[in-house]
Structures are given as structure tokens and as C-alpha cells.
Amino acid sequence: MSKDLTDFVTVCLNGVTLAALYFIVASGFTLIFGLLRTTNMAHGAMYVLGAYVGVSVVAITGEWWLGLLAGFVLVSLLGIAIHLGLLAWMAGQDLRQALVTIGIAIIIVDLSLAHYGGVAYLIPPPELFAGAVSIPWVVGGQYSAFRLFMLVLAAAVYLALWLILNRTRIGMYIRAGIDDRDMLSALGVNVARVFLFVFALGAGLAGMSGVIGATALSITPNEDGWFLLSSLVVVIVGGMGSLGGAAIGALIIGLAQQIGLFYAPTYSIFITFVIMAGVLAVRPQGLLGKPA
Amino acid sequence: MSGMSSRMSGRAARRAGLPALGVALLVLYPLVLPLLFSANQARYWTLSIGSNSLILGVVALSLIFMSGYGGMVSLAQASLAGFAAYIVAIMNLLPSSTATGATIGFGWPPIPSAIVALILATLAGALVGAIASRSSGIYFLMLTLAIAVGFFYVVLQNYEFFGGHIGFAQILGPTGQPRANPIAFYYMCLAVAVFAYLGLRYLVRTQLGLTFQAVRDNPRRMRALGYRVSLHRIAIFAIGGFVAGLSGVLGVWYRGNISPGVVDLSRTIDVLIIAVIGGLGYPVGAFIGAVIFVILDVFASSVEVFGFSFDERFNTLIGLAFVVIVLVAPHGLVGLVDRGWKGTKRRLSSSRAPATAGEAAAGPAGDATEEGIPAPVDPIDQRDPGSTGIGNS
């Protein structure tokens, strides 16, 4: 194996594992947008909050899985509060909802900064995935077990969401609601409750991905912009409201960023935007999105 | 009939008088300050409050123009301003080598540098428009946000052109150090702000401006009539880029330096906050929002609510203020006053039917022609027409 090739394989593996994280973050964003048409501008802030919940819970209990669960549950409770307290009152006014979530994001990030300070935190991975595993063709012959585990997590999230959407009653309502909200309501389904469920689920996914991200990378309060941007770009490329689109978009963006970072470091973000502009030029609705 | 026309002209005179009064007050502002404060404080109020508000007001004005007359809430305006600021720095600085060894800087005087910056900001605006005009509504917000955040990371990572995380320093405007000559700097800002405000007010009455509004109100019909809708949207963006560029040029002269922090997400959001506090549908709201924002920024440290000091927590304060404004006054403070005034008038006049929700939502467009200035429409009133085909695969 030449060095060039092992470099390339490693970079691609970094890209795919990063894509796994992006997918989990963006899946919540795209679910919320697909059904509620709410642009949750606080999605990046919810990621940050989930990460800090994970930091604290893992520090106290020493149990990574408990941190993951706490990140999901607490942020989804916050999501419920935001939805019931603010967003449900302005249903259909999408700009106003986006503005309110921007305000919430500012507050969440600022209070996180107040409590945790500007230093970076890293959550120790669960013991099972703490070390490195030997795999062929990568630089040094070893690769972080946790980053590989992220692939499993992303697949699990995809499968779980697919099952919820396609095999449960509420999933049926969600799919119907994405196609025609008013008709679903006319059929006697309590749409408000379905909306609440989806918002809580999407927020919880953001919180959970924060715990995963803080374990694989690290967390500082100003990370929210980066993950809001990633979610936006992933769903713009993949298509709003589409789970498969989020997966494809995450793969493209994750790979493009890592390959760009390795081969043209000062232009890596630029490449991401060329891809986004290119997709929009050919398919304004995103790769798997239906035309608006 | 004659009574009516005299009332109309009286109202027109009052409406023309109000901006003139505002400008007169703004002209007098730095001259009065030394009478009230010490020299140091007067300089502070001239620069940090006065000039700063005008600079922020101009960039918020570009956002309000685009949202009110183009129906597009662009979050890329702070980035376009920052882009112009970077170009001023690059043109203005003497050739020097950057961290990567590339040589950058042209050593041009301030004014030619600013002209180049404004041309490039206009073109950059058009480019953003070309990308973003393919989407609409809330997608548009997301897309311009993505471009804005992306631009921040581009300048942060790129050392060859943008100087990376350090940026550029020691950039002087035509009036020299703002601190050395605050009143000259203030008047330059005021002149630019008045030029931008009146220029846009004039523009929206021209054929082109009216076409912009027609495209905003019914793009499909305009397309059917043979207008090139996306070209008009790109033109709106180019104009928005130019106005944002004006603010960026003033901003870099004000600070004397430029770094990625000036185009980060919080700056983007600041511009939106200013526009929303003032009122997305009211051009004058840009400046009112900017003054409120700057004063909140300065005096946040002395605000205390239930023993909780906002000293270090300006962002929490501004976030709360923002949420409250969006909740109780979605048309901003100018909208609150304007609509409150109209509502009172309506209730007092018995000849007119009470305002319906629909009429209220139609907003200032209702009396668009009475003063000859077409009123902008606040996009916050636009409702989602229903779920349209965003599906799960």
C-alpha cells in the first residue's frame, strides 16, 4: 500500500464518520422542517446544550450511555417547552417562528457560556469503544473505535426513524401530515399532538448528537453556528424533509469537508459551498426533495 | 373636496417634515454634545453611539429594503458588508506578505479602495442573489444563512486573501483616525446614511422599484407578463449588496481593522435583530433599531432584573428582548407606533368599518399611494400557504 492510498482511505473514513454525526444532527432538523415547516434556528444551540448535559452527566455518573440518554431527554423536554410555550402560538408564520428560535438560540448559547466558560470539553467515550481497533489500509493501521461506532449509531438512528415513520401509527400520521396537513386534521387526527411529538423527537436528536459530537470532537459554546450550518447545508443538498436526503447530503458534505481539509486546507469550506450552489442550480429542491 | 385635499397636503407636508426634522436633529447632535458632556464623553457619544448606530443602521436598511420591497429576508447582509470591509483593507494596505508567503495589498488611497469595494460588494450581492433567488420564503432564509456562516469560515481558514483569523489592521478612512476627528467621521457616516435612505426611497418609486414590488407580490403573474423574475431578484440583491457595502466600508474605517469576528454568526444575527426591533417593513426602523441595539449594548452592564445582572450577559438580554419583540410586536417598534396610531385613528373615525384582521395584516400597503411612496410589506405577515410537496422519500 502506498502512502497516498492509505492517506486517502483514512481521509475518506474520517469523512464518512463525520457524515454519521452530521446525519444524526440533520435528521432532527429535517424531520421538524418536513412536517411543521418550522425552521428551527436553535438546532445548533440544542446540539450545544445536549453536549453540555452529556458533559455534566458523564462527569457525575461516569456512565456514557446515561449521558446520551440525558442529552436526548432533557433537550427534547426543552423542545416541548419551546413548542408549547412559543411556536405553537404562531403556527404557519414561518418567518416569525424562525426569528423566535434565533432568539432562543442566542439565550441558550450565552447561558452555556456563562456556566461552562469558553474552554473545550471532551466527553470520555464508553469503555467498550475507548481504544483504537486495527483495520487495514488506514494510516498507522489503527482507527478510533468510537468513530467507527458512530457509523453504527447513525445506522441505528436511521433504522429507528425509518421504523417510526413507516411502521407505526404516528409515523403514518407524520407522513400524511408532510403531504397534506389540513387533510390529516380534517380526518380527525390531533395534528397538534403529532407536531409536538415530532418537535420533541427532532430536538432530542439534536441533544443526543451533541453528546456524540462532544465525545468524538469536543464542545465549546460557539459550536452552534457550525452545526446549524452543517444541518442547513446537508438538508439543502439532500432535500428538505427527506430522511434519505439527509443521509446522502451528510455523506457528500462530510466527505467533501474532510477531503478538502486534507488536500486544499484553505479552501475546504469553499468546496462545500460550490457543491451546495451546484446542487441548487440543477435541483433547487435538493437531491431527494420533491419540488416545492 | 377642497377640505380633503388640504388635509391631504397637510398630511403630506407633515410626512415630509418629519424626516427633515430627523435629519436636522442628527446634524445638530454632535454639536450639542460638547455642551452637555466632557470632551471625552462627547467623543464617546459621537462615535460609539452616533456613528456606530448609523453604520449598523445602513446595513439593517439593506436588509429591510430587501425584505420590504423584495420579499426576501436575507441573512447575508452582514457578510456582504464584511466582504466590502475586507476589500477596502486589501486595496488600502501596502503590499505585504501574509502568513502563507503570498503578497497582498495594493496601497491605494481610501476613496478609490472604497469604490472598488462597493463595486465588488454589488457583484457579490448579485452572485449571492443568483444562488439564492432559486429558492423562496423560508428556504431563502436558510440559504442566505448558510452563505453567511460559510463566508465566516472561508475568511477564517483562508490566509492567502483574507489574512486568516488575524485579518488586517491599520486601515484609515478619508477623515483619518475617527478618535482624532470624531465630528468629521460622524458627518461622513450621516451623509452616507442619508444618501442610502433617500436613494432607496427614490428607487422604490421608479419603474424599476415598482417592478421589484410587483415581483414580490406575484412572481408568477410577472413571469407570465414576460418579466424576468430571477433577474429582478438578482438586481435587488445587487442593490442590497451595494448598501451593505456602504456600511462595511464605514465600519472598517470606524474600527481601523477587519477580522473574521466581524462577519461571524452573531454579527449576522445582530443585523437581523436590529431590523426586527425597528420593524422589517419600515426603512426608518433600521436606524431606530440600531440606536436601541447600541444603547442596550452599552448599558447592558447597568441593567439588573431581580438581582440578576446582565453585566456579562448582554447576549441573554438581547435574546430575551428579541423574543419579546417578535412575540408582542412582530412589526417592530416602528410598526407598533404606526399601527397603533392607525388603529386609534380608525377607531375614532366612525365612517370607516372597524379594522379586520385581514386589513391589519395588509399593513402599511393599505395607504400606499397617499404620499407617493409605495409602502413596503412586512414578510412576517406572509403565511405558509399550506404544505406543498416537501416529502419524505
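Contact here means heavy atoms within 4.5 Å. By that rule, residues 24 or more positions apart account for 72% of the contacts in chain B with a separation of 6 or more.

This is a predicted model, in which local features need pLDDT of at least 70, side-chain atom pairs count only at pLDDT 80 or more, and totals for chains, interfaces and linings use all residues. Residues are numbered from 1 along each chain as its sequence is written, chains are lettered from A and ligands numbered from 1 in the order in which they are written, and side-chain values use heavy atoms, with hydrogens and water left out.

**Chain B overall**

Chain B has 14 helices and 4 strands. Both are DSSP runs, numbered from the N terminus: helices are H or I with at least four residues, strands are E with at least two. The chain holds 393 residues, and 51% of them are buried. Buried means under 20% relative accessible area, exposed means over 50%, and partly exposed lies in between (1.4 Å probe, protein chains only). The accessible surface of chain B is about 17,500 Å², with 66% belonging to carbon and sulfur atoms. Such areas come from the Shrake-Rupley method with a 1.4 Å probe; for residues, only the protein chains shown count as cover.

**The interface between chains A and B**

On the chain A side, 62 residues are in contact with 52 residues of chain B. The two chains bury about 5,000 Å² between them, and carbon and sulfur atoms give 67% of that. Three residues of chain A, A:Arg37, A:Leu95 and A:Leu99, supply 13% of the area that chain A buries against chain B, more than any other three residues. Buried area is the accessible area (1.4 Å probe) that two parts lose on being put together, summed over both.

Polar links across this interface come to 3 residue pairs in polar contact, both residues at pLDDT 80 or more. A polar contact is a pair of N or O atoms within 3.5 Å; within protein, one must be able to donate a hydrogen and the other to accept it, and residues adjacent in sequence count only if both atoms are side-chain atoms. Several helices of chain A each supply at least two residues to the side that touches chain B, among them H1 (3-36) and H6 (169-179). The largest share, 15 residues, comes from H4(A).

**Salt bridges**

A salt bridge is a side-chain nitrogen of Lys or Arg within 4 Å of a carboxyl oxygen of Asp or Glu. Between chain A and chain B the count is 0. The whole structure has 1 salt bridge over all chains. It joins the side chains of B:Asp217 and B:Arg216 (2.8 Å, N to O). Side chains of opposite charge can pair when their charged atoms come close.

**Selected residues**

A:Arg37 sits in the loop between H1 and helix H2 (43-61) of chain A. Its phi is near 60 degrees, a positive value in a residue other than glycine. B:Gln170 also has a positive phi, about 60 degrees, and is not a glycine. B:Gln170 lies in the loop between helix H5 (137-157) and helix H6 (182-203) of chain B. B:Ser247 belongs to helix H9 (residues 229-255) of chain B. Leaving aside neighbours within four places in sequence, B:Ser247 is in contact with B:Ile55, B:Val58 and B:Val59.

| Residue | Relative accessible area | Class |
|---|---|---|
| B:Ser247 | 5% | buried |
| A:Arg37 | 8% | buried |
| B:Arg216 | 12% | buried |
| B:Asp217 | 52% | exposed |
| B:Gln170 | 72% | exposed |
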